[in-house]
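Here are some notes to read alongside the model. Please keep the structure open as you go through the points.

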Amino acid sequence: LALKPSSLGVESKSITLQQFETLRESAPALNWVRTLGIVEELRAIKDAGEIEAIRNSVRIAERAYEMFRSMLRPEDTEKELADAMEGYLRRAGASGSAFPVIVGVGERSALPHCQPSGKRVEEDDFLLLDWGARGPLYQSDLTRVFPAPDPGDAARRRQRAKVETRLRKIYTVVLEAQ
C-alpha cells in the first residue's frame, strides 16, 4: 500500500477522524495503533554526522552574516537588508533561508516575527537580525542585536557609543547567565 499523506489532505502531525477512516479502509489488514512522540523521541539524540550537519548549517549562516555586516549601510532599509541576507545565505552555501529573514530597526526589533519595512538603519541606534541557513539535512537559526553603522553625524556617533556600551553590558549579563 502506498498512500501519500498529501493525497489524504494530511499536512500536520495529527489527522482527522475522516482521514483515519480512509487509511483504515485502505489497509484493513493492518492493526492501526495511536502513537505519540515516537519519532520525536528517536530524533532527540543526534549522531556524529547529524551534529556535523547542524554545525555546517550554522557555519553557512555565520559566513552570510559576515557578508551582511560588511555590506551594511546606514541608508539601507529593513526590507533591503532582509532581501540581501537571502542572497548572502545562498552565496555562503545554503539552499535558501531556513525561514523569512527578520530585520528590525530600533523599537521594531522587539516585535516578534517583525515584517521588514521601509525603515532605514540610520533612523535608530541598533538593529536586530534573525536568520538561518537551510542546509542539506538541518537548518540553523541565529539572532543578533547590534549597533547600527555610524551615520557620520558626531552627535549620533556619541549616542551610538552609549547604546553600544549598554548592549555590551547586557551581553555580558546574558553570557554569564548561560
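1. Two strands pair if DSSP finds at least two bridges between them. Helices (H or I, at least four residues) and strands (E, at least two) are DSSP runs, numbered from the N terminus. With that in hand, take Leu-127: its bridge partner in β3 is Phe-146. β2 and β3 pair in the antiparallel sense, over six bridges.

2. A word on the source. This is a predicted model, in which local features need pLDDT of at least 70, side-chain atom pairs count only at pLDDT 80 or more, and totals for chains, interfaces and linings use all residues. Residues are numbered from 1 along each chain as its sequence is written, and side-chain values use heavy atoms, with hydrogens and water left out.

3. Confidence. pLDDT is the predictor's confidence in each residue, from 0 to 100. The protein has a mean of 87, and 92% of its residues reach 70 or more. Among the elements, α4 has the highest mean pLDDT (98) and helix α2 (residues 38–43) the lowest (81). Where pLDDT is low, the predicted coordinates should not be read in detail.

4. The sheet. Three strands form an open sheet in the order β1-β2-β3, with antiparallel pairing. β1 and β3 (142–147) are the edge strands; each has a single partner strand, so one side of each lacks a neighbour in the sheet. On average, neighbouring strands of this sheet are turned by 10° against each other, direction ignored. Axes are lines fitted to C-alpha atoms, for helices over the stretch in contact, and angles run from 0 to 180 degrees between N-to-C directions.

5. Helices on the sheet. Contact means heavy atoms within 4.5 Å. Helix α3 (residues 48–71) packs on the sheet and touches β2 and β3; its direction makes about 25° with that of β3. Helix α4 (residues 78–92) also packs on the sheet, touching β1 and β2, and its direction makes about 145° with that of β1.

6. The core. A nonpolar core is a set of buried Ala, Val, Leu, Ile, Met, Phe, Trp, Tyr and Cys residues joined through side-chain atoms within 4.5 Å. Buried means under 20% relative accessible area, exposed over 50%, partly exposed in between (1.4 Å probe, protein chains only). The largest such core has 24 residues; Phe-68, Met-85, Leu-89, Val-101, Leu-127, Leu-129 and Trp-131 touch the most other members. α3, α4, β1, β2 and β3 each give two or more residues to this core. Its largest share, six residues, comes from α4. Beyond four places in sequence, the contacts of Val-101 include Ala-82, Met-85, Pro-116 and Trp-131.

7. Ser-109. Which loop holds Ser-109? The loop between β1 (102–105) and β2 (126–131). Ser-109 counts as buried because its relative accessibility is 17%. Its side chain reaches the backbone oxygen of Gly-106 at 2.7 Å. Not counting residues up to four places away in sequence, Ser-109 touches Gly-104, Phe-126 and Leu-128.

8. His-113 is found in the loop between β1 and β2. At 63% relative accessibility, His-113 counts as exposed. Phi of His-113 is near 55°, a positive value in a residue other than glycine. Most residues other than glycine have a negative phi. Ser-117 is found in the loop between β1 and β2, and is partly exposed at 22% relative accessible area. Leaving aside neighbours within four places in sequence, Ser-117 is in contact with Thr-77, Glu-78, Lys-79 and Arg-108.

Note on methods. Polar contact = N/O pair within 3.5 Å; in protein donor to acceptor, adjacent residues only side chain to side chain.
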